[in-house]
Amino acid sequence: MDEPLRTVEFGATDALLREDVKTLGTLVGEILAEQRSPAFLAEVERLRRAAIGRRENAAPVDELADAMAASAAGTDLQHASDLVRAFSTYFQAVNLAERVHRIRRRREHERAGDGAQPGGLRDVIGTLARQGVTADELAALLPRLRIEPVFTAHPTEAVRRVLLHKERQIVAALVADIDRGRTPAERRADRERIRLALTASWQTAEAPTAKPSVADEFEHVGFYLSEVLYRVLPVFHEAFDEALREHYPDASLALPDVLGFGSWVGGDMDGNPNVGAATIAATLAGQRALVLDAYRRDLDALGELLSQSQARVEVEAAVLARVDGYRELLPRAAERLHPRHADMPYRNLVTLMVERLWATRHDEPAAYPDAAAFEADIALIADSLRAHRGEHAGGFAVRRLQRRARSFGFHLASLDLRQDSAVHDAALAALLDDPQWESRDAGDRAARLHGLIEGRANVANPDDETALSTLDVFRTVAELRPRYGDRVFGPYIISMSRSAADALAVLALARIAGCIENGEVPLDVAPLFETVDDLDAAPDTLRELFADPVYRQHLAARGNRQVVMLGYSDSAKDGGIVASRWALQRTQIALTELARDSGVRIAFFHGRGGSVSRGGGKTERAVIAAPRGSVDGYLRLTEQGEVIHRKYGIRALALRNLEQTTGAVLRATLRPRPPEPREAHWREIAAQLALDARASYRALIHEHPDFPAYFRAATPIDVIERLRIGSRPSKRGNKGGVESLRAIPWVFSWAQNRSGLTAWYGVGSALQRALDIHGRDVLAEMARDWPFFGTLVDDVEMVLAKSDLGIFERYSRLAVQLPEGDLHARLHPGIKGEFERTHDAVLAIKDESELLAHDPRLGQSIRLRNPYIDPISLLQVDLLARWRAGDREDDALLQVLMATVNGIAAGIQNTG
């Protein structure tokens, strides 16, 4: 890897990154030669150099494509599969080196100057203090400050857990020598550990042969929750607390539990027949088992640490009494206490707590009744240590466990529930024996639902089979809340919410099922607004809901806090990125004002994906770009696919991500952007941009009669529909066309063919018209001074930089010979022209001569990966043609195609 990489300029601060890339690349090459053959390595190197040469010399793609076709022709499919795996392994090594380098850069910041890394908690809180934020302002905010990443159940990249562990071993070895302080012998040992992990990974299939079940998805998400975030959570709060004490030394600021985590795995029923009451119960049981096991590991370590003897130090009477009580409760465990530890009360209590957790795990009589009882035991130890000079003799470790127990409880993560409003209507139609229920006026439905909610009316068919699965969900909620605690369930999300009746339907169904506590339904009901039209109608829907006396009674019981979920994915699929972003911005402004006028606090839940066209991008920038007043100390957002792996795969990077996100929420809440008089004019321009971009986008995507056939030919959607990476179907219902396709496979398909079309189509036409009308200076000013527009332009620029129209053209040529005619000739020129318009408009607005001139680090990252992604893309084109020519019946060929899909996704990132 040495010679070709000399074309990439590494800055002085990145010299060690270059060394790590070289080391890993050399090891990958040695493994390829060992596991396949030296000839295979030579072939890979030849293709890699050809890919680099094509990039560096801006040469046409045809020569590289011919080289790839020659390599694939006449070889068995295993050879083609190994080519894909080889290139994937190379850029995965680059990914790891870059992630470790982010840790290195954080350490450099901490050693230099005041040690405050930009965007981190020390930096943000220091800046806020200098801007005049008082301790009283912070004290008012902290109790309601809440950051909740939510892991979703439909990944675009699901790395096998066994491979995640091997990746962790590689990272550990790189981190051990992060500053080059290891001895030569230690460095050789590190290198062999890396070789072992890489070789074992090569010999492990990247994907299981069976489509994953909901339980498999839970295992994947559970890794990040129990092995990364469980460890990081107390460290985050310690960093937060230290920053507060540093910049507000005279204030007594109590830091609450700022972080919480949610999951959709096992609870997202929308369009997924595999999810229901049974998966809800099974998922929560699995989460409980994971967190109880984590507590037991912590307690085992504490048992070794807390060896205090009563002969040397006092211990609170409450601790001694608890030990005695547990000796009676757990007599068999008490018999196993070592006699030599008789004067070590902390150690004995911890040992008995481990036994009680075991009883809890297995539902035995001695089980903890709830997480609060477990927390009480930890508090006893913490208080006793504090009272008897034990702060530095175990107090630190006990406080960490306290923080974890308060945050994770016995549930680990709150489980969100989601269902389509049409399913609720179908259940109610059956229960009420009213076949016309779904078509009735929303006002009529609301009036009848009032009677059900208030107990003034009954259902005609309470045991109807059609409604059974829906009612069982609410019965499961009622059954499990006492077992797992008040925080076990997140909001109940209603997809396709279009009226107040959709929210009332949830309350009615819950009451019919007996899901009631203290006379009220114990769930937050969250409407999800997904399309551009639904977002535009959201203020009217919420106004109607807030005016409903029955719903307001429910809302009062929930603290007058309304969760509203905003759908980034379907709105962008519906109208394109500009129309989607503007609708989301406008809706947040309107709902924030409505909530203020209605005496309700709106909690926005952002349904963002990994790709730019599904709301992805840098969370920090998105928070700062949000409308003033819309953040208000709260951020809840979905995390999925390769984003989870990138943000939370390594503990140090998970910590950095959580700090940046929290810092942005603090800034947006305590010192939002001052009012900007120019913004009224900018909003007018943005509104017109949205209209123009949407018209261009829909003219191709939704209105051109040939587009559906072109889409299915020029993208690998037929392969993606067969991927074994999620339990969720790729379509809503059995209809064809773009409309029925879910947003994830839609965006994923255009990322695979290297066009990234969903993030920029329609943008260029709209920007060019705005440039013609308003001039470059006005749009440049908007990009520079208005975070909403600046973030949009930057996000589009990033996708343009990752796109490759030369490779995309190879995919487009797959549409030459279709029953509808030569769709490549009909559609490709227009798509290429729109790309060029977008490219030129972005450069004009930013006054740059090349993309990413302002972000050389990202540009370097893309250049490092391209020589490994490009060959996989071209191989995919060749294999697609062969597979389709055989009527898509060659399963072995499909397996290799699936490998190419996974490889391209991992290389491009931000794909789904």
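Setting aside neighbours within four places in sequence, Tyr-295 is in contact with Tyr-230, Leu-357, Phe-374, Leu-401, Arg-404, Ala-405, Phe-408, Gly-409 and Phe-410, where contact means heavy atoms within 4.5 Å.

A quick word on the source. This is a predicted model, where local features need pLDDT of at least 70 and side-chain atom pairs count only at pLDDT 80 or more, while totals for chains, interfaces and linings use all residues. Residues are numbered from 1 along each chain as its sequence is written, and side-chain values use heavy atoms, with hydrogens and water left out.

Now the core. The largest nonpolar core has 284 residues, and Phe-240 and Tyr-295 have the most contacts inside it. By nonpolar core I mean a set of buried Ala, Val, Leu, Ile, Met, Phe, Trp, Tyr and Cys residues joined through side-chain atoms within 4.5 Å. Buried is under 20% relative accessible area, exposed is over 50%, and partly exposed is in between, with a 1.4 Å probe and protein chains only. Helix α9, residues 214–247, gives this core its largest share, 15 residues. Helices here are DSSP runs of H or I with at least four residues, numbered from the N terminus. There is also a second, separate core of 10 residues, including Trp-264, Leu-528, Met-565 and Ala-603.

On to the rings. How many aromatic pairs does a search of the whole structure find? It finds 26. Rings of Phe, Tyr and Trp (its six-membered ring) pair if their centres lie within 6.5 Å; planes under 30 degrees apart are stacked, over 60 edge-to-face, and the rest tilted. Take Tyr-230 and Phe-408, a tilted pair at 5.5 Å centre to centre with 35 degrees between the planes. Tyr-230 is in α9 and Phe-408 in α15 (residues 391–408), so this pair ties together parts 178 residues apart in sequence. Tyr-230 is buried at a relative accessible area of 0%, and Phe-408 is buried at 1%.

Another pair is Trp-760 and Phe-835, which is edge-to-face: 5.2 Å between centres and 80 degrees between planes. Trp-760 is in the loop between α31 and α32 (763–774), and Phe-835 is in α36, so the pair ties together parts 75 residues apart in sequence. Both of these residues are buried.

Some rings have a charge over them, meaning NZ of Lys or CZ of Arg within 6 Å of the ring centre and within 35 degrees of the ring normal. Arg-356 lies over the face of Tyr-368, 4.4 Å from the ring centre. The charged end of Arg-561 sits over the ring of Tyr-634, 4.9 Å from its centre.

Next, helix α35, residues 805–812. Which of its residues are buried? They are Leu-805, Ile-807, Phe-808, Tyr-811 and Ser-812. They cover an arc of only 155 degrees around the axis, which puts them on the same side of α35; the arc is that of the directions from the helix axis to the C-beta atoms. Among the elements covering them are α2 (38–56), α36 (823–846) and α37 (856–885).

Last stop, Glu-659 in helix α26, residues 651–670. Is Glu-659 buried or exposed? Glu-659 counts as buried, at 5% relative accessibility. Its side chain is joined to that of Arg-106 by a polar contact of 2.8 Å. A polar contact is a pair of N or O atoms within 3.5 Å; within protein, one must be able to donate a hydrogen and the other to accept it, and residues adjacent in sequence count only if both atoms are side-chain atoms. Thanks, everyone!

Notes: Helices (H or I, at least four residues) and strands (E, at least two) are DSSP runs, numbered from the N terminus.
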